[in-house]
Amino acid sequence: MTMSNTGGRRKPPTIHDVAREAGVSRGTVSRVLNGGHYVSPAAADAVNAAIRKTGYVVNRHARSLITGRSDSVGFLLTEPQERFFEDPNFNVLLRGCTQALAAHDVPLLLMLAGTDDERRRITRYITAGHVDGVLLVSSHSGDPVAEELRAAGVPLVACGKPIGLGSKVSYVAADDRDGARDMVRHLLALGRRRIGVVTGPLDTPGGVERLAGYREVLAEAGVEADERLVVSGDYSRASGEAGAERLLARAPDVDAVFVASDLMAQGVLAALHRAGRRVPQDVAVGGFDDSPAAVAASPELTTIRQPWDRISAEMVRVLLAQIGGEDPAAVILPTELVKRDST
């Protein structure tokens with residue numbers, strides 16, 4: 001690195017320093033930095049070695065002026081801020097996406113938009129070109145963000161299938177319906193017959209699909225449907241607690257509960273404990289996600305594992321492909337039943 005003429009402060013290495021160290025032209029270095037097209041393997045190796053030796057870092061702002069790209073991606077959560085801190089799934093997904101993008105040297109911008117005003121401001125920011133694409137998490141039906149970004153031509157990948165947009169938007173999802181079926185079959189195999197459910201929000205794909213899986217298995221087993229056993233929640237711990245209280249009031253003979261998230265299941269366990277119901281002796285409880293909330297629960301939760309590492313990696317892969325010009329894609333990943341002490 002070179003020394004400045006004012007004091008002893010070192011100037012950061014430039015593309016010229018890399019070219020000189022590698023013994024190639026500045027144009028060759030530039031081509032390596034922009035994908036390595038029309039560069040021999042030997043020259044590319046020399047440039048990459050020079051970058052490591054000099055400590056050169058790409059000036060993203062300067063490159064964005066040339067390429068028209070920001071070289072960054074947005075992680076957009078359309079939920080109130082407190083939900084981001086309460087629900088461990090969001091943090092796990094954010095960490096996985098950050099790590100997957102780091103392998104491509106792409107920074108991730110966290111965006112929280114829980115109100116209409118926040119959604120409008122962030123939509124304006126995104127469509128102005130400040131990020132190259134968006135990883136959209138927790139999209140409710142009627143939420144205009146996904147449609148507005150799609151209409152503006154912004155590369156977009158949703159976590160879960162956005163309701164009402166079908167094949168118009170790329171998405172990566174766990175097989176919510178099949179996971180719910182596995183859990184309800186497990187509860188039936190234990191001899192439980194009065195199986196309640198605390199659903200997720202029914203304006204989200206997970207809420208709809210997990211409830212559908214629950215109903216399908218009961219119908220297959222010839223268990224008569226009883227709508228008193230179905231209560232709704234919003235994935236928060238408080239809604240699980242309130243849901244369990246409603247279930248106990250409506251159907252005191254309930255002997256199992258399938259809960260559409262581990263965090264809600266913690267609330268269900270608290271309500272059952274308060275009512276004097278033993279878990280699993282009196283009431284078996286199954287969750288969904290296999291989040292940190294599952295092993296923090298007492299007793300530890302039997303649950304459905306979502307493959308969060310694969311979900312985040314696939315979301316990043318599909319988004320980068322779309323930024324590169326590929327068509328929208330859909331990926332559905334299998335879930336797994338994890339047995340613990342609550343059943």
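A residue counts as exposed when its relative accessible area is over 50%, and as buried when that area is under 20%. Phe85, with a relative accessible area of 64%, is therefore exposed. The structure is a predicted model. This briefing covers a helix pair, a sheet with a helix packed on it, and the aromatic pairs.

**Helices α2 and α3**

- Two packed helices are described by the angle between their axes and the distance between the axes.
- Helix α2 spans residues 26–33 and helix α3 spans residues 41–54; their axes come within 10 Å and cross at roughly 85°.
- Because angles of 65 to 115 degrees count as roughly perpendicular, α2 is roughly perpendicular to α3.
- On the α2 side, the contact is made by Thr28, Val29, Val32 and Leu33.
- These residues meet Ala43, Ala44, Val47, Asn48 and Ile51 in α3.
- The residues of this contact of α2 with α3 comprise 7 nonpolar and 2 polar ones, with no charged residue.

**The sheet of 6 strands**

- Strands of a sheet pair through backbone hydrogen bonds, either parallel or antiparallel.
- Here 6 strands form an open sheet in the order β2-β1-β3-β4-β5-β11, and the pairing is parallel.
- The edges are β2 (108–112) and β11 (330–333), each of which pairs on one side only.
- On average, neighbouring strands of this sheet are turned by 15° against each other, direction ignored.
- Strand β5 (residues 170–174) runs parallel to β11 and is joined to it by 4 bridges.
- Tyr171 stands opposite Ala330 in β11.
- Helix α6 (residues 88–102) packs on the sheet, where it touches β1 (73–77), β2, β3 (134–137) and β4 (156–159).
- The direction of α6 makes about 170° with that of β1.

**Aromatic pairs**

- A pair of aromatic rings is described by the distance of the centres and the angle of the planes.
- The whole structure holds 2 aromatic pairs.
- Phe84 and Phe85 form an edge-to-face pair, with 5.2 Å centre to centre and 80° between the planes.
- Phe84 is buried at a relative accessible area of 6%, whereas Phe85 is exposed at 64%.
- Phe258 and Phe288 form a tilted pair, with 6.4 Å centre to centre and 50° between the planes.
- Phe258 lies in strand β8 (residues 256–259) and Phe288 in the loop between β9 (284–286) and α13 (292–296), so this pair ties together parts that are 30 residues apart in sequence.
- Phe258 is buried, with a relative accessible area of 0%.
- Phe288 also counts as buried, at 0% relative accessibility.

Definitions and conventions:
Residues are numbered from 1 along each chain as its sequence is written. This is a predicted model: local features need pLDDT of at least 70, side-chain atom pairs count only at pLDDT 80 or more; totals for chains, interfaces and linings use all residues. Side-chain values use heavy atoms; hydrogens and water are left out. Axes are lines fitted to C-alpha atoms, for helices over the stretch in contact, and angles run from 0 to 180 degrees between N-to-C directions. Helices (H or I, at least four residues) and strands (E, at least two) are DSSP runs, numbered from the N terminus. Angles under 35 degrees count as roughly parallel, over 145 as roughly antiparallel, 65 to 115 as roughly perpendicular and the rest as oblique. Contact means heavy atoms within 4.5 Å. Ala, Val, Leu, Ile, Met, Phe, Trp, Tyr, Cys and Pro count as nonpolar, Asp, Glu, Lys and Arg as charged, and the others, Gly among them, as polar. Two strands pair if DSSP finds at least two bridges between them. Rings of Phe, Tyr and Trp (its six-membered ring) pair if their centres lie within 6.5 Å; planes under 30 degrees apart count as stacked, over 60 as edge-to-face and the rest as tilted. Buried means under 20% relative accessible area, exposed over 50%, partly exposed in between (1.4 Å probe, protein chains only).
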